[in-house]
Amino acid sequence: MKRKKFVQLLAVVTAAATLFTAAPVFAADTNSSVVSSEAGETEGASGTITGSNSAAGSGTAESDTTVTSAGSETAGSSSSGSTDTTETGSPAAENKYSDDNAAESTVTTAPEESESAEADSASDSSETKDTSEESEEEKEETEEKDDKDDAQEMPVISYAAHVQQKGWPAEDAVSGTEAQTYAGFTGKGLRVEAIRASVKGDQNLGITYNTYVQQRRWTGWQSDGAVAGTTGQSLRVEAIVMKLTGSDADKYDLYYRAHVESFGWLAWAKNGELAGTTNLSRRVEAYEVAIVKKGEAAPARSSARNVAYLTVPTVTYQTHVQRYGWGQGEVSNGALSGTTGQGLRMEALKIHLNKTTGFTGGISYCSHVQRLGWEQNWKSDGALSGTEGKGLRLEAIRIRLTGEMANCFDVYYRTHVQRFGWTGWASNGADCGSAGYGYRLEAIEIRIVAKGCSAPGSTANTFHQYTIRDTYPQACARLDQVGWNLRSALNAAAGLRYVSTSYALTASNVSTIASYGFTTGGGDCYVMACCFYEMAKALGYDAHVMFGYVPLRAGGLGVHSWVEIDNYQGGTGVFDPDFQHESGSDGFNLYYGKPGTWRYTSGSRIN
């Protein structure tokens with residue numbers, strides 16, 4: 001029996017040693033002192049548990065306990081593990097694990113439970129690792145969820161366009177920065193006639209918008225789904241403006257852009273800026289809207305231009321006027337510069353464009369100046385054309401656009417000319433004013449319109465060019481019949497039938513005497529000389545009517561008239577149509593004293 005009891009007691013002691021060996025080892029808290037224990041030897045096995053206290057004081061505290069066990073020859077080894085525990089009580093209670101208590105625990109713990117504890121410890125370690133891995137996965141899922149939540153919280157703009165022939169779409173477009181979505185059509189030549197827009201996803205955010213419409217100009221602000229523009233009237237939208245409203249408006253930027261006839265997609269406008277065109281008669285064909293957080297960049301989209309809005313450039317000009325100088329200041333867009341009814345000449349002008357419209361190019365101009373004719377070089381963008389301080393009148397002007405401006409716009413201008421008054425509207429480099437008459441320009445008006453639009457007024461009689469027909473219409477008509485050369489002119493004058501007249505030959509009477517010959521087909525030496533003179537002038541020669549005397553067959557001297565032409569073949573030529581008519585000899589390019597000609601006496605020029 002004693003042996004049997006001894007064996008049973010040994011089994012109990014062995015189990016107790018195993019229990020203490022498999023018991024969890026508590027890691028020391030950073031605020032606790034690390035306490036070590038040394039194993040004491042017993043006849044069978046013994047274990048010592050030493051608890052480490054938490055911070056001094058009573059109450060609930062998280063404590064770590066360090067367990068060290070030493071086995072006898074029977075136990076052979078020890079194992080340890082770690083976990084976090086929370087104890088309630090005083091430091092004295094935490095240190096209740098004395099040797100006596102350890103012995104009590106040895107008696108009440110079975111080996112099966114000890115093996116279970118080892119398994120649980122291994123399971124706890126595995127679960128700790130799994131928990132760490134799951135923590136990373138959960139973190140990623142949380143971040144993805146946060147991103148998704150942010151995306152869901154971002155409001156969107158629902159918008160649509162009423163389009164020519166198409167009406168309203170079945171579904172509105174929705175703002176987005178990833179994929180290009182727009183309302184309307186591109187490449188089909190269809191006009192947008194009205195728009196509507198609303199905000200979804202934020203009750204504290206709204207949207208308001210306005211449209212610039214053909215013939216109507218701005219139609220008025222509409223909001224949150226109401227229609228801006230017109231329907232059923234075939235009127236195009238030419239520009240739009242949009243902005244956010246509500247208490248959340250300062251959290252976002254609203255971007256929008258227009259696809260415009262002839263220009264394609266323009267750049268992004270935002271927060272109340274203009275998008276499209278005005279005064280260019282160009283339709284909006286589509287528009288796109290995007291909303292981003294305040295300060296973020298506009299969506300990355302290609303566009304034909306780096307501006308969101310196009311309009312007619314402002315043309316500004318100033319004239320230098322007799323007595324006033326530059327004192328009248330600058331005017332713009334069709335206003336009068338200069339004077340009318342005061343008999344004052346324009347002497348110079350400057351022109352420039354206010355190019356805040358997104359177009360390249362500029363404006364150039366050239367003046368016709370008294371005695372100097374047309375300027376050799378065009379002036380540009382505010383440079384002076386004409387003269388200053390020389391008292392020389394401007395007589396005509398040319399104005400043209402350059403670069404992209406010339407492709408998109410027409411420049412029109414008209415002048416007020418001495419004796420003629422206002423000319424018609426010339427355009428794009430054409431002559432405007434007069435030349436050859438010696439008439440002054442007195443005033444000018446300049447306007448720019450979109451390419452292909454109507455002129456500001458009549459385009460008739462823009463330039464009064466002096467021509468020889470204005471001064472010598474009958475002489476030119478006779479040259480049309482006989483040929484435009486000097487020989488034909490002399491023959492025509494000599495061919496008049498001889499008729500005596502009673503005209504007094506004076507400088508002021510030359511045209512009257514010539515008109516008689518062209519009208520009646522007859523006349524005397526005065527008439528023949530005056531007719532040839534006018535034809536020679538019409539041909540561009542420096543001709544002069546002569547009055548003098550020639551000997552008569554009956555004796556004495558008779559009055560006579562002929563023509564001299566300076567700088568003819570290196571000298572002064574003598575032309576006498578009456579000599580040719582009466583003698584039958586050639587009266588072309590004579591010289592005084594030539595054999596076979598009349599002896600001209602006391603000749604003098606009357607003009």
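These points cover a sheet, a surface patch and several salt bridges in a predicted model.

1. **The sheet.** Start with the open sheet of 4 strands. Its order is S39-S38-S37-S40, and the pairing is antiparallel. Strands S39 (571-575) and S40 (601-605) stand at the edges. Each has a single partner strand, so one side of each lacks a neighbour in the sheet. On average, neighbouring strands here are turned by 30° against each other, direction ignored.

2. **The S37 and S40 pairing.** These two strands run antiparallel and are joined by 3 bridges. Look at methionine 546: its opposite residue is arginine 605 in S40.

3. **Arginine 605 again.** This residue also forms a salt bridge, with glutamate 564. The closest N and O atoms are 2.9 Å apart. Arginine 605 lies in strand S40 and glutamate 564 in strand S38 (residues 557-568), so the pair ties together parts 41 residues apart in sequence. Glutamate 564 is buried, at 9%; the cut-off for buried is under 20%.

4. **A nonpolar patch.** Tyr549, Leu557 and Val559 make a nonpolar surface patch of about 260 Å². Tyrosine 549 sits in strand S37 (residues 542-551). Its relative accessible area is 30%, so it counts as partly exposed.

5. **A link from helix H8.** Arginine 487 forms a salt bridge with aspartate 586, with the closest N and O atoms 2.9 Å apart. Which parts does this pair tie together? Arginine 487 lies in helix H8 (residues 486-494). Aspartate 586 lies in the loop between helix H11 (577-583) and S40. The two parts are 99 residues apart in sequence. Both ends are partly exposed: arginine 487 has a relative accessible area of 35%, and aspartate 586 has 39%.

6. **A link between helices H6 and H7.** Aspartate 480 pairs with arginine 469 in a salt bridge, the closest N and O atoms being 3.2 Å apart. Aspartate 480 is in helix H7 (residues 473-482) and arginine 469 in helix H6 (residues 468-471), so the bridge ties together parts 11 residues apart in sequence. Aspartate 480 is partly exposed, with a relative accessible area of 43%. Arginine 469 is partly exposed too, at 41%.

7. **The wider count.** How many salt bridges are there? The count comes to 21. One network of salt bridges links Arg257, Glu288 and Arg301.

Terms used
Residues numbered from 1 in each chain as written. Predicted model: local features only at pLDDT ≥ 70, side-chain atom pairs only at ≥ 80, totals over all residues. Heavy atoms only, no water. Patch = residues over 30% accessible without salt bridge, like charges linked within 9 Å, V, L, I, M, F, W, Y side chains within 5 Å. Areas by Shrake-Rupley, 256 points an atom, 1.4 Å probe, with all protein chains shown as cover. Salt bridge = Lys/Arg side-chain N within 4 Å of Asp/Glu carboxyl O. Buried < 20%, exposed > 50% of the residue type's maximum accessible area, 1.4 Å probe, protein only. Pairing = 2+ DSSP bridges. Axes fitted to C-alpha atoms, helices over the stretch in contact; angles between N-to-C directions.
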